[in-house]
Amino acid sequence: MSVRIFHIAANTFREAVRDRVLYNLIAFALLMSAAGVLVGQISIGIERLVVVNLGLTAISLFGVIIAIFIGISLVSKEIEKRTLYTVLSRPVHRWEFIVGKFFGLAGTLLVNTFFMAIGVFAALLYVGHGFQTGDGWIGVALYFIILQFLVMTALALLFSSFSSPLLSAVFAFALFVIGSFAEDLRGFAGMAQGLSRWLATAAAYLVPNLSSLNVISSVAHQQPMTRQLIASNSLYALAYTGMALCGAVLIFERRNLK
Amino acid sequence: MRPSARITLISTVILLGCLVTSGFVLHHLDKLRSQATLEEVLYISSPKLLKRLSLGYDGLLADVYWTRAVQYFGTKHHLGSREYNLLAPLLEITTALDPHLTVAYEFGANFLAPPPPYGAAMAQRAIELVEYGIRNNPDDWKLYYNLGFIYYTELKDYGKAAQAFGRGSKVPNAHPFLSVMAAQMAQHAGELQMAQMMWTTAYQSTQDPDVRANAITHLRALQVDQDVTILEQLIAIYRQKTGRWPSSFSDLQAAGMLRALPLDPLGQTYKLVPGGRVEVREPDEFPFITKGTPPGYVAPPLKFRPSDRGPS
Amino acid sequence: MAAIEILGLEKTYTVGFWRKRSQRALRPLHLSVEEGEIFGFLGPNGAGKTTTLKLLMGLVFPTGGSARILGKEINDPWVKAQIGFLPEQPYFYDYLTANELLEYYAQLSGVDATERRQKVRDVLQRVGLRDTGSTQLRKFSKGMLQRVGIAQAIVHDPKVLFFDEPMSGLDPMGRREVRDLMEELKQRGKTVFFSTHILSDAESLCDRVAIIHQGQLQGVGAVADLTSSVEGQVEIIWHGGAIPASVKLLTAECHVVGDTVRGVVREANQDAAIDTLRREGLRIISVTPVRMSLEDYFVRKLKVSETAAGVSS
């Protein structure tokens with residue numbers, strides 16, 4: 001069972017790599033990091049700040065775009081092109097297919113982030129003439145960004161299992177924006193009354209909590225991250241990803257492939 | 001042939017488990033990061049840069065920061081805090097993103113300027129904020145009013161207050177009181193009636209519940225100050241006439257100096273303390289009063305009465 | 001043991017968003033296919049052939065009935081390892097090479113890692129794509145894709161094969177090759193179940209056929225039985241140009257072309273006619289049983305079902 005998931009994941013990874021779109025985005029992100037160096041030379045005294053902010057934000061945004069754009073077609077493209085038929089007529093469970101696709105895209109994003117991170121650290125080294133002890137927290141910020149990718153990938157996959165690519169993209173993007181303000185949303189819900197309070201609270205808890213995964217500005221100021229925060233974020237990302245994947249499995253399991 | 005029942009069951013169980021887990025973790029996270037969204041404002045060294053980065057959605061972002069500001073103040077207020085460090089940055093970012101959000105200037109004038117526990121004690125920053133508002137909204141008379149308000153109430157600079165009211169009165173559609181207050185301020189700074197007129201205008205010119213509650217509370221305090229002053233004067237006259245302190249207000253009534261038992265603005269009778277002093281029964285109900293409190297009284301943290309927040 | 005048993009399988013789709021209509025794609029179907037058979041599933045477009053195949057592959061869930069392959073339920077993973085499927089007008093991951101695609105499919109079907117490469121090579125050879133292993137599939141022609149499709153269906157050496165319109169879009173050479181492949185599979189003891197609307201292919205290949213129309217089974221049986229069960233007629237061709245009177249009485253039709261006469265008599269009267277011709281000294285060239293072509297049988301069956309249903313779907 002697990003071997004098949006690995007094979008599906010590896011094939012998904014291979015597809016993403018051979019899809020030339022990926023190369024462009026990597027190049028673009030590297031370009032952005034280079035631009036960060038330029039900006040640092042214009043704004044004296046805060047070069048490191050700008051490089052970290054710009055670099056991490058670029059990694060986060062580009063990764064989410066990749067996660068959404070590839071994620072939404074993970075299932076729907078296979079159904080539309082009918083490549084799915086020859087896969088499912090083999091001893092492959094439908095849930096293995098979903099999980100394999102997820103790990104394939106997650107792996108792609110991991111590799112992508114790895115290379116982009118090297119770019120950011122290189123730019124930081126250049127601009128700051130060496131690393132400082134506070135820079136270690138950038139690693140934590142990167143880890144949180146990867147958690148964010150897992151959540152968005154699982155969501156995109158969930159939408160892909162039942163919706164057309166266009167609608168899926170809209171939903172996924174909307175949830176990304178709302179999720180970035182999730183802490184505010186919970187605050188608003190707390191101030192509301194009656195029925196709208198219930199609805200707002202439910203929405204606020206269902207929306208992916210991306211705001212606590214974004215520690216870019218803190219890390220740019222070399223603020224430490226507590227162990228509690230790391231543990232909580234990890235557990236949350238795991239739970240939310242699990243939720244979305246189970247949803248995808250449940251939907252896909254009973255879908256008639258016309 | 002059918003969708004696998006086993007997979008359905010397992011997935012549903014895992015899904016529910018994850019749902020519950022995520023709920024709990026979120027709850028925990030919110031406690032960990034209760035100040036996180038707010039403290040981030042300390043990292044925004046350039047609100048103008050933020051405005052550019054918001055890619056034209058600055059209006060929405062301004063609304064987000066405004067709501068954070070209100071929430072911040074309300075939470076702190078509720079907890080009886082004595083410091084509101086983040087209020088200034090929050091309001092400055094809000095107005096940088098949307099210079100036409102006039103409620104923010106009003107909020108700043110009312111709650112940035114006063115000393116703790118009523119405000120953040122940043123009168124100078126409040127003035128800068130409102131002046132920025134005036135530059136961006138020169139035809140909004142309320143902003144000149146807010147400016148004069150700060151000069152009058154916190155800085156006691158009646159000259160500058162008069163100037164502000166004067167500027168405001170020249171704006172088309174300005175509230176007629178502005179010119180009146182400009183004139184009277186120049187003449188009779190510090191009078192009780194002036195202060196009452198100021199707070200009444202403040203109450204009438206806004207919809208913001210916090211600002212209204214603040215105004216009513218001040219009006220009540222002014223009333224108490226006035227009542228206590230008059231009553232103590234009457235008591236002194238009585239003493240002069242009869243050679244002794246009155247034992248209760250009925251004595252004053254019998255002497256024809258009072259028509260009815262004096263009541264405080266909340267309907268309770270005043271206390272006649274031996275030694276000719278008058279006190280309110282429940283000083284805690286009257287923030288801002290300067291007379292009528294027992295010796296050694298320390299005002300508790302500021303709390304508004306919910307009914308004062310007015311119809312929303 | 002029957003290789004494939006279809007027990008009352010049926011599928012009704014609900015169509016429409018606001019007002020739901022039901023569309024019966026397949027009425028309860030009862031069918032069984034023996035091991036080692038080549039079985040043809042015939043019908044016009046939209047008859048329900050592809051629906052049946054999808055139901056058997058577990059891609060679509062039935063509204064009723066069930067089916068068994070090699071004695072086990074369809075969704076049993078063991079069964080899935082024993083079957084191969086070629087969908088209609090297949091499309092494969094075009095960013096992969098033929099080798100990579102077949103390796104991937106072999107992996108998913110559980111072919112042992114040690115045997116994979118060899119099997120992929122073998123199967124590419126068998127379908128005539130030996131030198132194209134490292135070419136990306138996006139560069140393949142339609143015919144080549146069809147062959148890759150067959151390759152992926154047989155790479156894991158399954159016992160039962162399901163082909164949906166395997167000959168569609170191929171030129172005559174290609175069709176010939178696919179037919180040969182299917183014959184070869186039968187030689188190896190495989191069971192082949194394929195759907196088509198090209199009757200001549202079915203006629204020459206199949207042991208048995210089933211005809212389906214508007215979601216309903218119209219007839220099942222060996223080709224020979226189906227086509228010969230109706231009219232037992234014999235065609236006699238003789239030289240001499242003359243038609244004896246008694247023979248004329250027996251013939252249903254007679255054609256004269258120059259010196260050659262072609263007459264069709266009923267099977268029962270075959271001997272009588274031959275004797276008469278012999279006595280008359282006319283030289284008999286051939287005596288052949290007349291079969292209705294499968295096409296005639298097909299068209300006739302379809303007309304019957306259409307009038308029965310009031311010519312509406």
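The legends below describe close-up views of a predicted model. Local features need pLDDT of at least 70 and side-chain atom pairs count only at pLDDT 80 or more, while totals for chains, interfaces and linings use all residues. Residues are numbered from 1 along each chain as its sequence is written, with chains lettered from A in the order in which they are written.

**View 1. Chain B as a whole.** The secondary structure of chain B comprises 13 helices and two strands, these being DSSP runs numbered from the N terminus (helices H or I, at least four residues; strands E, at least two). Its C-alpha trace spans about 105 × 50 × 30 Å along the principal axes. Of the 312 residues in chain B, 34% are buried, that is, have 20 or more other C-beta atoms, placed from the backbone, within 10 Å of their own.

**View 2. The side of chain B that touches chain A.** Here 28 residues of chain B are in contact with 29 residues of chain A, a contact being a pair of residues whose C-beta atoms, placed from the backbone, lie within 7 Å. On this side of chain B, α1 (5–32), α2 (36–39) and α4 (58–78) each supply at least two residues, and α1(B) gives the most, with 17 residues.

**View 3. Helix α5 (residues 142–154) of chain C.** This helix of 13 residues reaches 19 Å from its first C-alpha to its last, close to the expected 18 Å, a span defined as 1.5 Å times one less than the number of residues. Its buried residues, including Val148(C) and Ile150(C), pack against α5 (84–88) of chain A and against elements of chain C, among them β6 (83–86) and α6 (172–187).

Conventions
A residue is buried if 20 or more other C-beta atoms lie within 10 Å of its own, exposed if 12 or fewer, and partly exposed in between; C-beta atoms are placed from the backbone. Two residues are in contact if their C-beta atoms, placed from the backbone, lie within 7 Å.
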